[in-house]
Amino acid sequence: MTDFHRIKRLPPYVFEQVNRIKAAARANGADIIDLGMGNPDLDAPRHVIEKLVETAGKPRTDRYSASKGIAGLRRAQAHYYQRRFGVSLNPDTQVVATLGSKEGFANMAQAITAPGDVVLVPNPSYPIHAFGFLMAGGVVRSVPAEPTPAFFPAAERAMQHSIPKPVAMVVCYPSNPTAYVASLDFYRDLVAFAKKHELILLSDLAYAEVYFDDHNPPPSVLQVPGAIDVAVEFTSLSKTFSMAGWRMGFAVGNERLLAALTRVKSYLDYGAFTPIQVAATAALNGPEDCIHEMRATYRRRRDAMVDAFQKTGWDIPVPSASMFAWVPIPERFRGLGSLEFSKLLVEKADVAVAPGIGFGEHGDDYVRIALVENEQRIRQAARNIRRFFDNADRTLHNIVPMQKVG
């Protein structure tokens, strides 16, 4: 019963191994500080919840909704793009509401992928970027995740050495898991590269509003003139408005690609519950003080984490965006690999992080730490880890050869 074709194409879900250890530790009474999953702990904005309550139970709202999103919601997303990026979109043909950006991404993969099609995907990257295409019958070829000039020679080599020629490229900035941020200049070069090679460009912009440099907000690839000829961009309300469980996202951009996505979705879903779509419209059209508060909260947590972890001797690269830090495993533990190191942190420090190997083999020297606990808990996590580090030479001598820190 396990020999299903699509299931066999999926690698083991490595996060599940950490989740099992975490659940076992909690069952034994441990207080696990969970910095693993990027699951926002902040409340959704009050005015959005009030709109949901106001709409639920009204006549006709319990019926099937519109698969591509109600018109008012698509207009609100188009207005957001105009306001935030200066990008004009036709809400009828260039905006589709999705059940979160993850679902939108997976269904776009179903819409555009033929068996054996090659897709260029960053490594490391958020799992659905690769798995969506694997489930659709595609083949994934890795390209670098970091948006530097070195990206393009590597992508050029990937194009030359792939048979058949790749049909699409995925990018994600601000990046999950690495927190890299792309510049508009990088996007200009990216669009030129995609046009040169006749590639579809799929951009994941789920962390558009989670940034800490107020003078330099992350751009959209659609700000590049002509990008809409080749690109679709995915956004989400999950992080911007702390509405992860509401499952509301968007795909915007190229009309032909969005028509294909709409067609696939029409067979698979009837859209989100109408009151959720009405409340999401209120989020996009409403006051932005909740977004500023979200940003300030994550900034305080980031600063607390960098400060507290530094005192343990574990230096955290300071992320300029996203709700994550992408952190090299301390040298003396690196030989363990990210999965075993993550298990050790749960068992010995009562702290859960995401092993980098879960985002691709090029992530195995790292762990991803999410800013999803308050500052007090983050500082407690650092104290726990420091205790573990201080005792590691004594307690782990038969697990991994420890290097003396001179």
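Predicted model: local features only at pLDDT ≥ 70, side-chain atom pairs only at ≥ 80, totals over all residues.

Mentor: Contact here means heavy atoms within 4.5 Å.

Lys265 belongs to helix α9, which covers residues 255-268. Its relative accessibility is 1%, so Lys265 counts as buried, the limit being under 20%. When its neighbours within four places in sequence are left aside, Lys265 is in contact with Ser67, Val96, Ala97, Thr98, Leu99, Glu103 and Asn107.

The chain around this residue may be described next. It has 13 helices and twelve strands. Its radius of gyration is 22 Å, close to the 22 Å that the globule rule gives for 406 residues, so the chain is as compact as a globular protein of that length. The C-alpha trace spans about 65 × 55 × 55 Å along its principal axes. Lys265 is buried, and 56% of the 406 residues of the chain count as buried. Of the contacts between residues at least 6 apart in sequence, 76% join residues at least 24 apart. The chain exposes about 18,000 Å², and carbon and sulfur atoms supply 52% of this area.

Tyr207 is placed in the loop between β6 and β7. Its relative accessibility is 4%, and Tyr207 therefore counts as buried. Not counting residues up to four places away in sequence, Tyr207 touches Pro174, Asn176, Lys239, Ser322, Met323 and Phe324. For one of these, Pro174, the C-alpha atom is separated from that of Tyr207 by 5.8 Å, although the two residues are 33 residues apart along the chain.

Side chains of opposite charge can pair when their charged atoms come close. The structure holds 22 salt bridges. In one of them, the side chains of Arg84 and Glu209 meet at 2.7 Å, N to O. Arg84 and Glu209 are both buried.

Another salt bridge joins Arg301 and Asp41, whose closest N and O atoms are 2.8 Å apart. Here too distant parts of the chain are linked: Arg301 is in helix α11 (residues 289-310), Asp41 is in the loop between β1 (33-34) and α3 (46-55), and 260 residues separate them. Arg301 is buried, with a relative accessible area of 5%, whereas Asp41 is partly exposed at 37%.

Arg188 counts as partly exposed, with a relative accessibility of 40%.

Some features of the backbone remain. Most residues other than glycine have a negative phi, and most peptide bonds are trans. Against that background, the peptide bond joining Asn123 and Pro124 is cis, with omega about 5°. Pro124 lies in the loop between β3 (118-122) and α6 (127-135). The bond from Ile163 to Pro164 is also cis, with omega near 0°, and Pro164 is in the loop between α7 (151-160) and β5 (168-172).

Two residues may be noted for phi. Ser242, although not a glycine, has a positive phi of about 55°. Ser242 is located in the loop between β7 and β8 (249-253), and it is buried, with a relative accessible area of 10%. Asp350, likewise a residue other than glycine, has a positive phi near 55°. Asp350 is found in the loop between α12 (338-349) and β10 (351-352), and at 26% relative accessibility it counts as partly exposed.

Definitions and conventions:
Residues numbered from 1 in each chain as written. Heavy atoms only, no water. Salt bridge = Lys/Arg side-chain N within 4 Å of Asp/Glu carboxyl O. Helix = DSSP H or I, 4+ residues; strand = E, 2+ residues; numbered from the N terminus. Buried < 20%, exposed > 50% of the residue type's maximum accessible area, 1.4 Å probe, protein only. Rg over C-alpha atoms; globule rule 2.2 N^0.38 Å. Areas by Shrake-Rupley, 256 points an atom, 1.4 Å probe, with all protein chains shown as cover.
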